Amino acid sequence: MRHLWWKVLCGLLLAYVTVFSFIVPLGPGVIGVDQTSLSSGENTVIIQSYNAHLEESDLQVFLGINDSTYLCTEVLEQVDNDKLKVRFTLPQDAPNTSFNILMNNAKDGTMFFPNAFRYADAAGTSGDFEWSSCPVSVVNQENTGFSIPFQPIIYETIRNLMFHVPMWFTMFFLMGIALVSSLRYLSNSKTEHDLRALAAVQVGLVFCVLGLITGSVWARFTWGAWWVNDPQLNGALVTFLIYVAYIILRNSIEDDQKRAKIAAVFNIFAFVILFVLLMVLPRFSESLHPGKGGNPAFNKYDLDNTLRMVFYPAVIGWILLGYWIYQLRLRLHRIEKKFYYNENV
Amino acid sequence: MKTFKPFALLILCVALPFLASAQAADSVLEETFFSSGKMPVVLSVVVIILVGLLAYVAVLNKKVNKLENDIKK
Amino acid sequence: MAFVLLLCITMKALMYLIKHEFRMEFRQKYAIASILLFTVSTIYVVYQAMKKIDDSNVWNAILWIILLFSAFNAIGKSFSTEQRSLRMYLYTTVKPQQFVLAKLIYNSLFMVVLGLLALGVFSLFLGDGGLGPLKLGTYILGVVMGSVGFACLLTLIAGIAAQTDSGSGMTAVLGLPITIPLILIIMRFTTQIMKGIPFEDNVQNILYLGVLNVGLIGLTYLLFPYLWRD
């Protein structure tokens, strides 16, 4: 029973994470509009929202031009559950500009949709045009409901944060175990440490493959392609290749002692290069990944409390599961060693 | 058989995206995966992870079976 | 005083080993000839396929692919050519650290010569890809640093591969994924040269490469002794 507690913890954490990441609703937001170019005079557009409470009586819609200038609109009717018909008038000689949508009500808070429209027949005059600005009382209102933050394009797939991302954390944890074991093997030549390194790499590769496949699926439906040229993805693929090479290397040496020693040397060498690739290189190139290279996405929400409440347990839970599987693999290796080679480990 | 399996898996991995991104299948994919706020994407990710881990447990199971048989002999 | 003396002895041994390395390799002239032949004929095959390359990106990419494979071809052989008896003799007389340093230096020099030669032959056959004489200096710096990088990276890998049962063919399997960081940096450096970005804005890439090379040499120095004695 003494050794069981962390396995129970792992189960509880993963159960909590799975339940919560499916039960917590996605916060409200605007998905799109039915037309993207506006003309001068009266415009009527339909705004499509997601999970928003359009039926609330205090709903207000503004067109944002910059941080301080907003145009008033008139909410005509709610077309269906998440569609809203809105009317507004644009001046004739306005300059070329793009409009953001801001939707406000007390329950949902402020929903923001950047660059919703362009002005089609703009006069192209200078930027110091006087807009008849609307007196806005509430901008950046807090969402009062309990929800996962809404992100454009990502929508519900933000929940993948609890499943796809911990795969990489787990893989790194296991590869870290492999590195430490390899270092210890070189210092004391005990078979146990070699077996540990092998088991950690094997289980780490499983998580690496899962991370690659789930990442590929996620990328397809947010960025539009199964594979994109991105430092993060390159790093993931190279990690995979390097550790497959590690396994191939092990299989190509017959002698046990020699195999363990050479594999340990390769593992250390590879890990250092991997560290360079994953930690140093992405810092000076663009990435599609959130929070990197001026990407919008999560960086604003990194400190979101609801997300944090589920994400950290998710990481710990998956790492524990990885460690559990690693231990099973290691014990199997030990028994095989003992039985086939009659070597006590 | 032993050498065939990883290769088949590899070929499958390489071929799947191409098969899936074929023109005809494209619109169907988009329709299903973009419905209800892309929720199917999340579901498929969870299913992939579950299936992957279960497959690995099955591999371990097979290894234990083999070891058990060898010990019995 | 004793330290300086020790350093002198180490340097002397190192110089001796480098000389030995050169003598060993040049005795087997056919090995060097085969490496040169590989590089030149690869370039000729590319010439037959493409005639003349005007797009500077394509020119750059193909040159580096040729350099990469030449490096694998050249360094992959660097441990397998030693005879068994000679190896036994070296085991007992020199320290593995000195031995690997000599190897690293020899490989780096050889790769630099090979890289520059490849650059020359490549531009002879396929044009200069819009490089021009002004950018040539920095490009040569890139080739030199990249070649040294390949040598530093692949020496230990070749040592590992020589220990396996499948021999030097293993170098490609183990080395290709590992060269990707190096390739990424060097490609960024050289494409920026091709674009005409001034050296001041590009110098950071070559600094990264330098740091990486120093790190690789250090790692090889530390890890090689474990490979050597069995």
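**Chain B against chain A.** I looked up who touches whom: 22 residues of chain B meet 25 residues of chain A, with contact meaning C-beta atoms, placed from the backbone, within 7 Å. On the chain B side, helix H2 (23–34) and helix H3 (39–72) each give two or more residues; helices here are DSSP runs (H or I, at least four residues) and strands are E runs of at least two, numbered from the N terminus. H3(B) gives the most, with 16 residues. By class I noted 15 nonpolar, 4 polar and 3 charged residues on that side of chain B. Nonpolar covers Ala, Val, Leu, Ile, Met, Phe, Trp, Tyr, Cys and Pro, charged covers Asp, Glu, Lys and Arg, and the others, Gly among them, are polar.

**Ground rules.** This is a predicted model, where local features need pLDDT of at least 70 and side-chain atom pairs count only at pLDDT 80 or more, while totals for chains, interfaces and linings use all residues. Residues are numbered from 1 along each chain as its sequence is written, and chains are lettered from A and ligands numbered from 1 in the order in which they are written.

**Chain A by itself.** I found 6 helices and 9 strands in chain A. Chain A splits into domain 1 (32–119) and domain 2 (155–341), with bounds from an automatic or database domain assignment. The C-alpha centres of these two domains of chain A are 45 Å apart.

**A helix pair in chain C.** H5(C) passes H8(C) in a right-handed crossing, meaning the near helix is turned clockwise from the far one by less than a right angle. Among the residues making this contact are C:Leu101 of H5(C) and C:Trp228 of H8(C).

Technical notes. Contact = placed C-beta atoms within 7 Å.
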